[in-house]
Amino acid sequence: RILTKIGGDGTLNLMQFETGNADVISLEALNAPDFLRLRRDPKWKPLMMHAPMMDIRYLCMNVEKKPFDNVLVRRAMNYAINRDLIVNYLNGRAIRAKGALPPGMPAYNANLFEYSHNTEKARQLLTQAGYPNGFEVDLWYADSPEWYPRAAQFIQQDLKKVGIRLHLKQITYGELKKKAGKRGNIELSMMGWVQDFPDPSN
(Lines give C-alpha, C1' and ligand atoms only; values in the text may rest on other atoms or scores of the structure.)
Protein backbone atom coordinates (compact mmCIF):
# COMPACT_ATOMS: atom_id res chain seq x y z
CA ARG A 1 0.00 0.00 0.00
CA ILE A 2 1.00 3.62 -0.45
CA LEU A 3 0.44 6.22 2.24
CA THR A 4 0.59 9.75 0.88
CA LYS A 5 1.14 12.68 3.24
CA ILE A 6 -0.14 15.99 1.92
CA GLY A 7 1.05 19.32 3.30
CA GLY A 8 4.11 20.66 5.03
CA ASP A 9 6.90 22.65 3.46
CA GLY A 10 10.10 21.46 1.82
CA THR A 11 12.12 21.65 5.04
CA LEU A 12 9.64 19.50 6.98
CA ASN A 13 9.36 16.96 4.16
CA LEU A 14 13.13 16.69 3.90
CA MET A 15 13.44 16.16 7.65
CA GLN A 16 10.87 13.35 7.42
CA PHE A 17 12.89 11.76 4.61
CA GLU A 18 16.27 12.06 6.33
CA THR A 19 14.92 10.57 9.57
CA GLY A 20 13.33 7.63 7.75
CA ASN A 21 9.71 8.71 8.23
CA ALA A 22 9.17 9.23 4.49
CA ASP A 23 10.37 6.95 1.69
CA VAL A 24 9.85 9.32 -1.25
CA ILE A 25 9.63 13.13 -1.39
CA SER A 26 9.39 15.63 -4.20
CA LEU A 27 12.60 17.50 -4.97
CA GLU A 28 10.49 20.32 -6.36
CA ALA A 29 9.61 21.40 -2.82
CA LEU A 30 13.22 21.64 -1.62
CA ASN A 31 14.88 25.00 -1.24
CA ALA A 32 18.05 25.61 -3.26
CA PRO A 33 20.67 24.99 -0.51
CA ASP A 34 19.10 21.65 0.47
CA PHE A 35 18.86 20.55 -3.16
CA LEU A 36 22.55 21.32 -3.67
CA ARG A 37 23.56 19.63 -0.39
CA LEU A 38 21.76 16.40 -1.30
CA ARG A 39 23.27 16.36 -4.77
CA ARG A 40 26.77 16.63 -3.28
CA ASP A 41 26.27 14.16 -0.44
CA PRO A 42 27.42 10.62 -1.42
CA LYS A 43 24.81 9.19 0.99
CA TRP A 44 21.83 10.84 -0.74
CA LYS A 45 23.01 11.50 -4.30
CA PRO A 46 22.41 7.88 -5.50
CA LEU A 47 18.82 8.12 -4.27
CA MET A 48 17.99 11.29 -6.21
CA MET A 49 16.23 11.34 -9.55
CA HIS A 50 15.73 14.63 -11.34
CA ALA A 51 14.91 15.86 -14.83
CA PRO A 52 13.69 19.15 -16.32
CA MET A 53 10.05 19.80 -15.47
CA MET A 54 7.55 20.63 -18.17
CA ASP A 55 7.74 24.16 -16.86
CA ILE A 56 8.97 27.45 -18.29
CA ARG A 57 9.35 30.92 -16.77
CA TYR A 58 9.47 34.03 -18.91
CA LEU A 59 8.96 37.78 -19.25
CA CYS A 60 5.72 38.91 -20.88
CA MET A 61 6.09 42.07 -22.95
CA ASN A 62 2.78 43.57 -24.04
CA VAL A 63 3.29 44.22 -27.76
CA GLU A 64 0.13 46.36 -27.88
CA LYS A 65 1.66 48.98 -25.58
CA LYS A 66 4.71 51.20 -25.90
CA PRO A 67 7.62 50.64 -25.79
CA PHE A 68 7.14 46.90 -26.42
CA ASP A 69 5.28 47.47 -29.68
CA ASN A 70 8.78 47.98 -31.12
CA VAL A 71 10.61 44.74 -31.96
CA LEU A 72 14.00 46.42 -31.43
CA VAL A 73 13.07 47.13 -27.80
CA ARG A 74 12.08 43.51 -27.28
CA ARG A 75 15.36 42.33 -28.78
CA ALA A 76 17.29 44.80 -26.62
CA MET A 77 15.61 43.38 -23.51
CA ASN A 78 16.70 39.88 -24.51
CA TYR A 79 20.31 40.95 -24.99
CA ALA A 80 20.38 42.97 -21.76
CA ILE A 81 19.29 40.19 -19.37
CA ASN A 82 21.91 37.76 -18.07
CA ARG A 83 19.93 34.54 -17.70
CA ASP A 84 22.94 32.71 -16.28
CA LEU A 85 22.71 34.79 -13.07
CA ILE A 86 19.23 33.42 -12.43
CA VAL A 87 20.22 29.85 -13.34
CA ASN A 88 23.27 30.02 -11.05
CA TYR A 89 21.19 31.44 -8.19
CA LEU A 90 18.90 28.41 -8.45
CA ASN A 91 21.84 26.02 -7.84
CA GLY A 92 21.13 23.50 -10.55
CA ARG A 93 17.33 23.69 -10.30
CA ALA A 94 16.96 25.44 -13.66
CA ILE A 95 18.40 25.57 -17.16
CA ARG A 96 18.25 28.30 -19.80
CA ALA A 97 15.12 28.07 -21.91
CA LYS A 98 15.39 27.64 -25.68
CA GLY A 99 12.03 28.58 -27.11
CA ALA A 100 8.61 27.99 -25.61
CA LEU A 101 8.92 24.23 -25.21
CA PRO A 102 10.93 22.66 -22.36
CA PRO A 103 13.30 19.70 -22.89
CA GLY A 104 11.46 16.39 -23.00
CA MET A 105 8.46 17.90 -24.78
CA PRO A 106 7.75 16.57 -28.29
CA ALA A 107 9.09 19.01 -30.91
CA TYR A 108 11.59 20.58 -28.49
CA ASN A 109 14.41 22.06 -30.57
CA ALA A 110 17.79 22.49 -28.84
CA ASN A 111 19.16 24.30 -31.91
CA LEU A 112 16.92 27.37 -31.77
CA PHE A 113 18.55 30.81 -31.82
CA GLU A 114 19.59 31.84 -28.31
CA TYR A 115 20.23 35.42 -27.23
CA SER A 116 23.64 36.05 -25.70
CA HIS A 117 24.15 38.50 -22.85
CA ASN A 118 25.37 41.60 -24.70
CA THR A 119 24.90 44.95 -22.96
CA GLU A 120 26.42 46.96 -25.80
CA LYS A 121 24.16 45.33 -28.40
CA ALA A 122 21.17 46.10 -26.17
CA ARG A 123 22.13 49.79 -25.98
CA GLN A 124 22.55 49.98 -29.77
CA LEU A 125 19.11 48.47 -30.35
CA LEU A 126 17.47 50.85 -27.87
CA THR A 127 19.06 53.81 -29.66
CA GLN A 128 17.83 52.52 -33.03
CA ALA A 129 14.36 52.10 -31.52
CA GLY A 130 14.31 55.76 -30.41
CA TYR A 131 15.09 55.16 -26.72
CA PRO A 132 18.75 56.25 -26.37
CA ASN A 133 18.16 57.08 -22.70
CA GLY A 134 16.04 54.02 -22.03
CA PHE A 135 12.63 54.24 -20.36
CA GLU A 136 10.75 53.46 -17.15
CA VAL A 137 8.31 50.58 -16.75
CA ASP A 138 6.70 48.51 -13.99
CA LEU A 139 7.61 44.82 -13.70
CA TRP A 140 4.75 42.85 -12.15
CA TYR A 141 5.41 39.43 -10.63
CA ALA A 142 3.87 36.99 -8.16
CA ASP A 143 5.16 36.26 -4.68
CA SER A 144 5.68 32.59 -5.58
CA PRO A 145 7.72 30.61 -6.45
CA GLU A 146 10.08 31.83 -3.75
CA TRP A 147 12.84 32.84 -6.18
CA TYR A 148 10.72 35.27 -8.25
CA PRO A 149 11.63 38.35 -6.16
CA ARG A 150 15.37 37.63 -6.51
CA ALA A 151 15.03 36.99 -10.25
CA ALA A 152 13.18 40.31 -10.58
CA GLN A 153 16.09 42.04 -8.83
CA PHE A 154 18.62 40.42 -11.19
CA ILE A 155 16.56 41.58 -14.19
CA GLN A 156 16.24 45.07 -12.70
CA GLN A 157 20.04 45.32 -12.27
CA ASP A 158 20.75 44.11 -15.81
CA LEU A 159 18.26 46.46 -17.45
CA LYS A 160 19.51 49.43 -15.44
CA LYS A 161 22.86 49.04 -17.22
CA VAL A 162 21.18 49.87 -20.54
CA GLY A 163 19.00 52.69 -19.19
CA ILE A 164 15.77 50.74 -18.59
CA ARG A 165 14.48 51.58 -15.13
CA LEU A 166 12.22 48.90 -13.63
CA HIS A 167 9.80 49.51 -10.78
CA LEU A 168 9.23 46.15 -9.08
CA LYS A 169 5.59 45.34 -8.27
CA GLN A 170 5.18 42.13 -6.26
CA ILE A 171 1.63 40.89 -5.69
CA THR A 172 -0.05 37.54 -5.04
CA TYR A 173 -0.42 35.10 -7.93
CA GLY A 174 -4.22 35.48 -7.81
CA GLU A 175 -3.93 39.26 -8.10
CA LEU A 176 -1.43 39.01 -10.93
CA LYS A 177 -3.62 36.59 -12.86
CA LYS A 178 -6.59 38.92 -12.47
CA LYS A 179 -4.61 42.02 -13.42
CA ALA A 180 -2.81 40.41 -16.37
CA GLY A 181 -6.05 38.82 -17.55
CA LYS A 182 -7.49 42.19 -18.52
CA ARG A 183 -6.24 43.52 -21.82
CA GLY A 184 -4.00 46.57 -21.65
CA ASN A 185 -3.43 46.49 -17.89
CA ILE A 186 0.24 45.52 -17.79
CA GLU A 187 3.24 46.34 -19.98
CA LEU A 188 5.71 43.88 -18.42
CA SER A 189 5.34 40.87 -16.13
CA MET A 190 7.02 37.63 -15.08
CA MET A 191 4.92 34.57 -15.83
CA GLY A 192 5.24 30.81 -15.97
CA TRP A 193 3.63 27.73 -17.48
CA VAL A 194 3.49 24.18 -16.16
CA GLN A 195 2.09 21.43 -18.35
CA ASP A 196 -1.43 20.19 -17.95
CA PHE A 197 -0.53 17.30 -20.26
CA PRO A 198 2.77 16.61 -22.09
CA ASP A 199 1.90 17.83 -25.55
CA PRO A 200 2.98 21.06 -27.33
CA SER A 201 -0.68 21.94 -28.00
CA ASN A 202 -1.07 22.59 -24.27
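Me: What is the bridge partner of Leu139 in E4?
Reply: In E4, Leu139 has Leu188 as its bridge partner. A word on the source: this is a predicted model, where local features need pLDDT of at least 70, side-chain atom pairs count only at pLDDT 80 or more, and totals for chains, interfaces and linings use all residues. Residues are numbered from 1 along each chain as its sequence is written, and side-chain values use heavy atoms, with hydrogens and water left out.

Me: Thanks! In which sense do E2 and E4 pair?
Reply: Parallel, over two bridges. Strands are DSSP runs of E with at least two residues, helices are runs of H or I with at least four, and both are numbered from the N terminus. Two strands pair if DSSP finds at least two bridges between them.

Me: And E1 with E4, parallel or antiparallel?
Reply: E1 and E4 are antiparallel, with seven bridges. Ile56 stands opposite Trp193 of E4 there.

Me: How many residues of strand E4 are buried?
Reply: Five of the seven in E4, residues 188-194. Buried means under 20% relative accessible area, exposed over 50%, and partly exposed in between, using a 1.4 Å probe and protein chains only.

Me: New topic: which residues does a cis peptide bond join?
Reply: One joins Lys66 and Pro67, with omega about 0 degrees. Pro67 sits in the loop between strand E1 (55-61) and helix H3 (71-80). Another joins Ser144 and Pro145, again with omega about 0 degrees. Pro145 is in the loop between strand E2 (135-142) and helix H6 (148-160).
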